[in-house]
Amino acid sequence: MQSKPSTVRRIADKPFHIDREQVREAAKKLSDGAVTQGYKGNREEVVSMLNDALATELVCVLRYKRHYFTASGLENEPIKAEFLQHAMEEEGHANQIAERIVQLNGEPDFNPRRLSERSHADYDDSSDIKSMIRANLLAERIAIEAYRQMIERIGDDDPTTRHLLISIMAKEEEHANDMSDLLD
């Protein structure tokens with residue numbers, strides 16, 4: 001059986017060369033920081049999405065911290081430790097997101113008055129441990145879906161933000177799995 005010649009030109013068939021003129025042009029615009037003219041994303045839209053994700057992460061920190069401090073009983077100490085660990089990891093996500101917003105020449109919005117309206121997940125003040133776990137599982141599932149949608153929207157236009165969101169989403173999936181295990 002004879003194969004047909006490929007009509008798709010492979011990148012490997014053509015030697016790669018850096019566009020030196022474009023690189024030199026990028027070096028001239030120092031005021032743009034990390035954003036070069038080769039950036040293909042919609043910077044304003046990405047910053048807005050990231051600010052909503054920042055709000056979500058901060059609300060999650062507050063929810064996990066509240067659950068950590070208000071869960072009682074010796075039998076709940078391992079669950080409390082899980083809540084505290086998740087709170088610290090969510091805070092790390094918030095820091096990463098805020099840093100990326102700044103890299104994109106945006107301003108991270110930490111305004112407490114607007115956090116809950118921009119957050120994808122809700123704050124929770126449950127008092128029993130099962131309700132706390134359920135609320136955290138629900139919030140993790142919401143965060144996972146929100147990140148999935150953001151990643152899809154960004155596509156290949158902003159690989160740095162895409163990579164950041166994929167890594168955060170992977171951690172949120174671990175958190176959801178942890179909460180699911182605790183419900184069993």
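Valine 23 is found in helix H1, which spans residues 20–28; helices here are DSSP runs of H or I with at least four residues, numbered from the N terminus. At 47% relative accessibility, valine 23 counts as partly exposed, because that class lies between buried (under 20% relative accessible area) and exposed (over 50%), with a 1.4 Å probe and protein chains only.

The model is predicted, so that local features need pLDDT of at least 70 and side-chain atom pairs count only at pLDDT 80 or more, while totals for chains, interfaces and linings use all residues. Residues are numbered from 1 along each chain as its sequence is written, and side-chain values use heavy atoms, with hydrogens and water left out.

**Surface patch**

Valine 23 also belongs to a nonpolar surface patch with Phe16 and Ile18, and the three residues together have about 340 Å² of accessible area. Such patches are made of residues with over 30% relative accessible area and no salt bridge; nonpolar side chains (Val, Leu, Ile, Met, Phe, Trp, Tyr) are joined within 5 Å, and like charges within 9 Å. The areas come from the Shrake-Rupley method with a 1.4 Å probe, and for residues only the protein chains shown count as cover.

**Salt bridges**

The structure holds ten salt bridges, each defined as a side-chain nitrogen of Lys or Arg within 4 Å of a carboxyl oxygen of Asp or Glu. Three of them are set out below.

| Glutamate 89 | Lysine 171 | 3.7 Å |

The side chains of lysine 171 and glutamate 89 meet in a salt bridge. This pair links distant parts of the chain, since lysine 171 lies in helix H6 (residues 159–183) and glutamate 89 in helix H3 (residues 77–103), 82 residues apart. Lysine 171 is partly exposed, at 23% relative accessible area, whereas glutamate 89 is buried, at 19%.

Glutamate 145 and arginine 148 are separated by about one helical turn, because they stand three residues apart in helix H5 (residues 129–154). Glutamate 152 and arginine 148 both lie in helix H5 as well, four residues apart, again about one turn of the helix. Glutamate 145 is partly exposed, with a relative accessible area of 32%, and arginine 148 is partly exposed at 35%. Glutamate 152, by contrast, is exposed, with a relative accessible area of 58%. Elsewhere, salt bridges that share partners join Asp52, Asp109, Arg114 and Arg118 into one network.

**The loop between H3 and H4**

Aspartate 109, a member of that network, has its place in the loop between H3 and H4. This residue is buried, at 15% relative accessibility. Its C-alpha atom is separated by 6.1 Å from that of asparagine 51, although the two residues are 58 residues apart along the chain.

Asparagine 105 lies in the loop between H3 and helix H4 (112–118). Although asparagine 105 is not a glycine, it has a positive phi of about 65°. At 36% relative accessibility, asparagine 105 counts as partly exposed.

**Contacts across the sequence**

Asparagine 136 is found in helix H5 and is buried, at 0% relative accessibility. Asparagine 136 and histidine 67 are 69 residues apart in sequence and 9.3 Å apart in space, C-alpha to C-alpha. In helix H6 lies leucine 182, which is partly exposed at 26% relative accessibility.

**Largest pocket**

About 170 Å³ of space lies in the largest pocket. Of the 13 residues that line this pocket, Tyr39, Arg100, Asp158, Pro159 and Thr160 are the closest to its centre. On a 1 Å grid over the protein atoms alone, a pocket is an open set of points where a 1.4 Å probe fits, with protein on both sides within 12 Å along at least five of seven lines, and lining residues have an atom within 4 Å of a point. Grid points are joined across faces, edges and corners, and the volume is the space filled by probe spheres set on the points. The lining divides into five nonpolar, three polar and five charged residues. In this division Ala, Val, Leu, Ile, Met, Phe, Trp, Tyr, Cys and Pro count as nonpolar, Asp, Glu, Lys and Arg as charged, and the others, Gly among them, as polar.

Technical notes:
Helix = DSSP H or I, 4+ residues; strand = E, 2+ residues; numbered from the N terminus.
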